[in-house]
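Please examine the model shown below. The report that follows describes selected secondary-structure elements and their surroundings.

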Amino acid sequence: MEVKNEKTKDKKQGVLKRIAGPVVTAVNLDAHMYDVVKVGREALMGEVIKIQGDNVIIQVYEDTSGIKPGEPVENTGLSLAVELGPGLLTSIYDGIQRPLAVLVEKMGNFIERGVTAPGLSHTKKWKFVPLVKAGDKVEAGAIIGEVQETNIVHRVMIPPTAKPGVIKVIKSGEYTVDEIICTLEDGREFPMIQRWPVRVPRPVKEKMNPTIPLITGQRILDGLFPIAKGGTAAIPGPFGSGKTVTQQQLAKWSDAEIVVYIGCGERGNEMTEVLTEFPHLEDPKTGKPLMERTVLIANTSNMPVAAREASVYTGITIAEYFRDMGYDVSLMADSTSRWAEAMREISSRLEEMPGEEGYPAYLAARLSEFYERAGLVKTLNGARGSVSVIGAVSPPGGDFSEPVTQNTLRIVKVFWALDAKLSQRRHFPAINWLNSYSLYLDSLQDWYDKEVSPDWNQIRSWAMGVLQKEAELQEIVQLVGSDALPETEQLTIEIARMIREIFLQQNAYDAVDTFCDMKKQYDMMKAIRLYSDLAYAAQVAGVSPAQIITIKAKNDLPQIKFIKDYKPELAKIEKQMDAEFNALRSAA
Amino acid sequence: MKEYRTINKIAGPLVFVEKTEPIGYQELVNIVLFDGTMKRGQVLDTSDDLVVVQIFETTTGIGKDSGVRFTGETIKMPVGRDMLGRILSGGGKPIDGGPEIVPEKRLDITGAAINPYARSNPSDFIQTGISTIDGTNTLVRGQKLPIFSGAGLPHNNIALQIARQAKVPGSTEGFAVVFAAMGITKEEANAFMQDFERTGALERAVVFLNLADDPAVERIITPRLALTTAEYLAFELGMHVLVILTDMTNYCEALRQIGAAREEVPGRRGYPGYMYTDLACLYERAGIIKGLKGSVTQIPILTMPGDDITHPIPDLTGYITEGQIVVNRDLHRKGIYPPINVLPSLSRLMNLGIGKGHTREDHKKVSDQMYAGYAEGNDLRGLVAIVGKDALSERDRMFLEFADLFENRFVRQGYDEDRTIEDTLNLGWELLSTLPVEQLVRIDRELIQKYHPKFRTGAKKE
């Protein structure tokens, strides 16, 4: 274990007065809010969260067992910041951007404390290719060069707070992140690395309204409740309803260029699953391993709560950095409830007046600040970039009226309601189609018209209509049985079942069905629509529903999901369906 | 070691000591009573003028005249190979009349978090011989899979049956069992001990007993001692360890008791707001580490107060563990053992441990199909109660019958019946074959051709 005990005179040093869990009190310390401090002889990392008279209250990101009053506290004078530069992609960090792989090397299989590790490698050399030349004028956020980081090009930028200037020297070749690659006429020097305080949003030129959907390859999401690039969505659901699987599906298949995945207070084995699985999965667009576009942040439930509180900010800051390069970034936070609980735990240790259910009164403000960092933006250098945020919520007892769910729903535009009843029936993804909604439907309509089909929006409304009608009919069926329904309504129930079983159900573990592009979604829905039209026509012609249901061709329809090159099979089914209905009609 | 006689307040399990030297957070504390007996505790809050100590036993006999000795170290536990076959108290002292444990190492009982990067993905199928677990909620090595039960249900028998039958097919290594009892009755404990002795399991077991009449606060450390032992056996001695923790509900009650004594702001139903983190620090101590031989698999048992799965204890547990096995009162009343209701049960790691190379290629699809069929049949029961069986369609009647068959053939099995995974899957196919083939929408054609009894027997005739 690395023990730091140097006493530097130029930095302010205080003394520990009280330790009670992750919150400690120091005295005789000159500090500002959110300064990062080193606590105790082992120099545990902490952050100032309250100042009261001579007392400075600090949340500590590591376990505080054995720490005694009287031990030193040292203020670094910096706020909690992340290192941004080449080397972020494929990394896996804890909540305060310590690379977990480096921690294994430094302290073994278990997370001990008092070990620091920088977020980026400071020894690795990257091949920097300049995009500007001496004499060029550059402003904050300007792209000055590129590094081929993985299959993703890392665009090196002037820091967002820098004043404009004129380039004097720009280098080319292999450099570490710390080496100066750019010097301005006024003498300012820039390396590739930037540091940015996590609690402050990175500036942009302008926020715009999202108009392009984030295609996820999940039928119920893309087809019925789409999220826009730069949008926000929440997935609340009780345990076992498939939050994590849905989040992982989004991390795998969404057509963002960069994915930031925050495992916030969740299971260790789940993060391991992501770590072992992602390098073997291919991006459907580029064919490259998915890991190459991914940054993982894993602060599992048994790692210190204060670091859990910080993990969400660490993640979104990294996401914003890639957005500033002009990328579409999607960020998954699993789960925001654990983040809220970390806030609650710290707040109760501070003996703050609690709000609803013991959560701090500033819960709503923190949640909205976080989600507001999403968006489609014009970056400082004029490019378009976006951060889409998808937050999982874990309501206690699956009760959506609790504060975290409610405060989240007030902000996000898309709501994917997970339903334990559906998951118990093995209907996956277990997203309830009646309770879920997307407020982006109107703004995305043009895209669907142009890119999918002019009649997609109409088919979508039709499908929603059938599902809605089914829900009403089910109430009657519960009372009197399905035979008592009129014939047309018996057909509605049958068609709704097809929509549910064929279109909505999707197998995340099937090699083909795990990702379904928009074209296939359209074709599948269209085939169900064809059956529906034929069935109602036949019924009008006098064929009974009992006979219509015996149509064999539709039994083959679910198999379409598992076939990669589905078109010939689908055409065959549709032809057969047509033939069978013709036979029925002529018999009637 | 300096002894303080500056106790200023005693409230519940908490002792407040004034004006001390700097004392470390979470340090182990010994309190010496006037008659020389010693009680142990741990520092919960430390400042330069006051130290709050939580006592693990009763505070009976502690007074202002008691001496307080701070040991200068956090709670460490002596561990060694010869712990196997031993019975220890909830505080880790031998109570089987045998000698003291010869320590090979002294380990901190809090245990550090396993670095997620150092974890290896659990994927070794554990055959428990129980169809509802192996077939539909598969347990894998390194998983934490709790049993959610209720008062008066046979969860202990299920846990014992798992402990007895658990094996990894094709592997000769057995499991070592670490058993931690928290607040269970002497009678229940005896049942466990007798079964361990009957089957010879005690030789490869370490037992920690905190019984119902033992101090409640001791329950806070019992699971930590058990898990520290398990980690030692697994990660230092390379054993595969199965940890059974029962009853977690009693643990949480003890947690609430301490929270109340500390006058903390309570969370839901009076349980402390940090209960999620606290439980996670126990449950997350399961897993496999890359490059090491052993594994820790956890089966915590908890009784849901009022059979309510939304109660904070099962609720928080479910959010941390990798699934849950739910024991159901209705099935129990029908006389079905094990009364496991598969519908709310779940194993999150199931997909990693099943399929080709683990169990059989058809496992996932058969399981999904049975689930869907049983769920549908089960829903229809409500309808039958209102409209009668005659009002059902042909299709519905078939599913209704499937649900009954499923409970009577698939769920029901003997206490000593050890089914192989092949038995379980074949039984599944047999039940599914009572439904028309075109209703098996979740299974691909190829698998139906290969495994469906109708086609299989046809193939045999040729």
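What covers the buried residues of α7(A)? The cover includes β20 (232-236), α5 (305-324), β23 (328-334), α6 (336-349), β25 (384-393) and α8 (403-409) of chain A. This is a predicted model, in which local features need pLDDT of at least 70, side-chain atom pairs count only at pLDDT 80 or more, and totals for chains, interfaces and linings use all residues. Residues are numbered from 1 along each chain as its sequence is written, chains are lettered from A and ligands numbered from 1 in the order in which they are written, and side-chain values use heavy atoms, with hydrogens and water left out.

Helices (H or I, at least four residues) and strands (E, at least two) are DSSP runs, numbered from the N terminus. In helix α7 (residues 363-371) of chain A, the buried residues are L363(A), R366(A), L367(A), F370(A) and Y371(A). Buried means under 20% relative accessible area, exposed over 50%, and partly exposed in between (1.4 Å probe, protein chains only). These residues of α7(A) cover an arc of only 125 degrees around the axis and therefore lie on the same side of the helix; the arc is that of the directions from the helix axis to the C-beta atoms.

Strand β22 (residues 294-299) of chain A is mostly covered, with 6 of its 6 residues buried. T294(A), L296(A) and A298(A) point one way from β22(A), while V295(A), I297(A) and N299(A) point the other way. The table lists pairings of strands; two strands pair if DSSP finds at least two bridges between them.

| Strand | Partner | Bridges and sense |
|---|---|---|
| β8 (residues 92-93) of chain A | β22(A) | 2 bridges, parallel |
| β21 (residues 258-264) of chain A | β22(A) | 6 bridges, parallel |
| β12 (residues 143-148) of chain A | β13(A) | 5 bridges, antiparallel |

In β22(A), L296(A) is the bridge partner of I92(A), and N299(A) is that of C264(A). In β13(A), M157(A) is the bridge partner of I143(A).

An open sheet of 4 strands has the order β13-β12-β10-β15 (chain A), with antiparallel pairing. Its edge strands, β13 (153-157) and β15 (173-175) of chain A, each pair on one side only.

Helix α13 (residues 518-540) of chain A packs against helix α15 (residues 567-587) of chain A at an angle of about 5 degrees, with the axes 10 Å apart. The two helices, α13(A) and α15(A), are therefore roughly parallel to each other, a term for angles under 35 degrees. Contact (heavy atoms within 4.5 Å) involves residues including L530(A) and Y531(A) of α13(A) and M577(A) and F581(A) of α15(A).

Key
Axes fitted to C-alpha atoms, helices over the stretch in contact; angles between N-to-C directions. Parallel < 35°, antiparallel > 145°, perpendicular 65-115°, else oblique.
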